[in-house]
Structures are given as C-alpha cells and as structure tokens.
Amino acid sequence: LHMVNLSAGSDLRVENVVFADAWDRQNPDDYITVEALHLDAATDEGEPGGYPVDGTPCRNVSVVGCTFTNVFAGVGTHHVVAGSIFNDLTVANCTFVKLKSYAVHAYGMTDCDVFDSYAEDCAGFMRSSSSECRVYGNQVLTMRESAFYDGGSRIAVSSNVVHGCGVAGTVAAHGIYAVGSSFQVVDNEIWDVTGCGIRADSGSSVKSDGNTIVRSSIHGFSFTGGSSLESVSDAVSLSGGSGFIVADGGIASISNSAVISPSSVGIQIDGIERGEIRDCTVGSAGSHGIVLNNGSSSSVFGNVISDSVGHGVIVVGGSADLGRNIISVPGGNGVTAERMARLAASGNTITGGQYGFCVKPDCSLSAEGNTITGTSLSAVYAISAGAVTCACNVVTSPGNCGFYMDQTAGASIKGNSVNGSGWSGVWIRTSPACEVSGN
C-alpha cells in the first residue's frame, strides 16, 4: 500500500528521497488512504506483528527535500488513532507533482509544520482533521479539489500562494475549506478557484488578515452554519458571486478590507447574531454594495461604496446603524430599508443614485447630519413607513423633492437644508400629524 511505512517511530528524518510511480492496483479507488510515506501508530489493525500494539504514534518526524511524483498521496496519516497523538511533524522544501490525492495528510497531529514546499496537479495540498498545524510559504498550483481542507483543527495558514483549484463541471473547489475548524489566515494569495477563496461551515472561526483573493468563481469569503469571521485588510476582486457573505448565525467583523468588481454583492451579512463593517471599500459591485439581511444588529461605519449596479446599502429586516459612509453613484438608491428594517443613519455622504434614502412600508429611519447630493429622485423618500425622523441633513439638487413623505404618519423633518430641488423642498402626501420646522 505505502512505499515507506513508519510506525511508532521517533526522531526520524527522511531527506532527499524520491517517491515515484507507485499505484495501489488492488484498491485503486481508495486513493486517499495510500500515502507514499505513511506515519502510523502501533495498533493491531492492519499492522504486521513483531512489536507491542500499544497505540504508540510517531513523534518528531522530519521530511525534508523529498519529491513525490505520480503517486496516490504524499506524506502523513489519514486516520486518527484514539488516545494516540502524532507529535512534531515537519514537511519542508518538498515537491509534490501529479498526485491523485493530497500532498499532506495531517490527522490527529500536534505541532505540525508544512512550509516552503511546491505542489502541482494534485487533488489538493493539505487535508487535515483534529490537528494543530502551521502551513506557510508554500506554492500550490492547479489543484483539482480544495487546496486546504480541514475538519475540526486549529490551523495557521500564512504566506502561501494558491493558483487554480477545481475542474469545470465538478464539485466546486475552494482555496481554503474549514469545517468546524479554527483558522488563522494571513497574507495568502488565492487565484482562480471554481468555488470560494475561503469557505467556512459548521461553526468554524476564522481570523483573516491581509489575504488577496482574485477570480473566485463563487464568493471571495463564504461563511455559513454558525461560522464567524474577523477580516482585516483583505482584498477580493472579480469574484463570481459576492466578495464576502456571512450567513446563518455567527458573528462578522470586516474592517479595512476591499471588494472590487464582484459579480453580485460586495459584502453581505445574512441572518447572523452581530455584524460590523468598518472602513472598507466596495467598488463596482454587480448588485448591491452592502446587504444587511435579517440581522439582529449590524453597524456600517466609514466605508466607501461606489458605482454599485444596485443600491449602495440595503437593509432587509433587523436593525442597522450607518455612520460616516461615502456612497457614490449607485445604480439604485444610496440606502434602502425593507421588511420592517430599523435604520439609524448619521454623517453619511450620498452622491447620485435614485433616492438617497428609500424607506419602504413598515420600516423606520432616523437620519441626522447626512449630506445628499444630485439624486435623480428625492433625497429622502418614505412610503407607508413607521417612525421617520430627519434632522440637520443637507440636501442639494435632488431631481424631485428634498423630503417626500408618502402615507407616512407622524414624520418629523426639522432643521434640514434643501437647495435646488426639482420639485418641492418638502412634500407631505396623505401623511397626517407630520412636523416640519426649522428647515
């Protein structure tokens, strides 16, 4: 099955060995279990006799400068032995080419380091489970599946370059795929994957800093199943879906990151416990710039959102605070509130678009100190809305009205400035008990 099998060994070094042209002819479909260099524990399952079967694993194994070519899998172990932890595996300066499975299997390991290696035309680079690993400085080219796949581990992935994951017409492949894992992802480049740049599911927790994701066919970042994301200074461009999407529970904190030319939404937060988007740039989104959907509480501060095909920001249900954002030339509205959304907006600058703020039935808006310029329709439009308060806003050159309250009772419009409106400065239509003063 394996070219070299190491069981219950310690202080071992495998250096400058070539593993080539080995195939498991008896079991060709179960290629994930056939590492060319296999680490195992002393157990009575599938092991030859001659030593105590007490479960002792391998410890302190270094694999340095080796080449794996045209084999099923590279180095490591594919199973977790109960009560046995493989400790201190180092894989460094190795080359993996034309592997049917993954280059490195890290199951049930602690203190595992994989660095400065090269992989091309493999199923993936590293598959891990229930381990603690550091993976850095590797070049990973043309993987058929996800480059990094993990279940239930603590992994630090830094300064790797991934170019190409997935095969057209097959299951989507991701740059990094975490399932119930804890990941720290720093300064990686991920290009041209058929799935997502970074995908997390099943309650994973990911801290991401300084990563670049280009041309992911689905999303740049996709987090579901209660997974949480802390993103700082990441950059996503030309994604086939959204730049970021965090959904189905969990927490999202996205700051100082950039999304350029996504086919869909720039940043989407959907049905999560808490979300914060701060000091990010979203440019030329194929749909909306930022979407906040059914979140219990979200905040959007200091972002620059430009040239979205849809709205700059859309809030669908839940509550949201918007402050100091710059929204320029959206194809739709600057900010839209739908489905009983509760929106507080202060100090934002909106230029162009249709409505500056569009408040739909049963939604509420508190707008204070915003600057709204050059909308094609009204700067603030509310129809059948709940509580609407507009104070100390500056409106210039709206195509229709500065403030248009349509079937919105009890609106308060105080201390605002409206210059150069195409129609009325303030229009109250079928909206009893409104207060308009000091404008």
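Predicted model: local features only at pLDDT ≥ 70, side-chain atom pairs only at ≥ 80, totals over all residues.
The points below start with the whole protein and then visit some of its residues.

**The whole protein**

- The C-alpha trace spans about 95 × 35 × 30 Å along the principal axes of the protein.
- The protein has 439 residues, and 52% of them are buried.
- Its accessible surface comes to about 16,300 Å², and carbon and sulfur atoms account for 49% of that surface.
- Of the contacts between residues at least 6 apart in sequence, 37% join residues at least 24 apart.

**Nonpolar cores**

- In soluble globular proteins, nonpolar side chains tend to be buried together.
- The largest nonpolar core in this model has 99 residues.
- V63, F68, F96, F125 and M126 are the residues with the most contacts inside that core.
- Leaving out residues up to four places away in sequence, M126 touches Y102, V104, A106, C112, V114, C133, V135, A147, F148 and Y149.
- Another core lies apart from the largest one; this other core has 5 residues, among them Y355, Y381, C401 and Y404.

**A closer look at Y404**

- Y404, one of the residues of the 5-residue core, lies in strand β49, which covers residues 403-406.
- Its relative accessibility is 13%, so Y404 counts as buried, the cut-off being under 20%.
- Y404 and Y381 are 23 residues apart along the chain, yet their C-alpha atoms are separated by 4.9 Å.
- Beyond its neighbours up to four places away in sequence, Y404 touches S378, V380, Y381, A382, W427 and R429.

**Aromatic rings**

- The structure holds 11 aromatic pairs.
- One of the pairs is formed by F125 and F148, whose ring centres are 5.7 Å apart; their planes stand at 70 degrees, so this pair is edge-to-face.
- This pair links distant parts of the chain: F125 sits in strand β13 (residues 124-129) and F148 in strand β16 (residues 148-151), 23 residues apart.
- Both F125 and F148 are buried.
- Ring pairs also link F125 and F148 with F19, F68 and F96 into a cluster.

- S117 is placed in the loop between β11 (109-115) and β12 (118-120).
- With a relative accessible area of 3%, S117 is buried.
- S117 and C66 are 51 residues apart in sequence, and their C-alpha atoms are 9.6 Å apart in space.
- T67 lies in strand β6, made up of residues 67-71.
- The relative accessible area of T67 is 25%, so T67 is partly exposed, a class that runs between 20% and 50%.
- From C-alpha to C-alpha, T67 and E15 are 9.5 Å apart, although 52 residues separate them in sequence.
- Setting aside neighbours within four places in sequence, T67 is in contact with V17, V18, F19 and T95.

- Most residues other than glycine have a negative phi, and most peptide bonds are trans.
- D11 has a positive phi, near 55 degrees, in a residue other than glycine.
- D11 is found in strand β2, which runs over residues 10-15.
- At 58% relative accessibility, D11 counts as exposed, because the cut-off for that class is over 50%.
- D88 also has a positive phi, near 65 degrees, and is likewise a residue other than glycine.
- Strand β8, residues 86-92, is where D88 is found.
- D88 is in contact with R59, N60, V61, T110 and D111, leaving aside its neighbours within four places in sequence.
- D88 and E368 are 280 residues apart along the chain, with their C-alpha atoms separated by 58 Å.

Conventions. Residues numbered from 1 in each chain as written. Heavy atoms only, no water. Core = buried A, V, L, I, M, F, W, Y, C linked by side-chain atoms within 4.5 Å. Buried < 20%, exposed > 50% of the residue type's maximum accessible area, 1.4 Å probe, protein only. Contact = heavy atoms within 4.5 Å. Areas by Shrake-Rupley, 256 points an atom, 1.4 Å probe, with all protein chains shown as cover. Phe/Tyr/Trp six-rings, centres within 6.5 Å; stacked < 30°, edge-to-face > 60°. Helix = DSSP H or I, 4+ residues; strand = E, 2+ residues; numbered from the N terminus.
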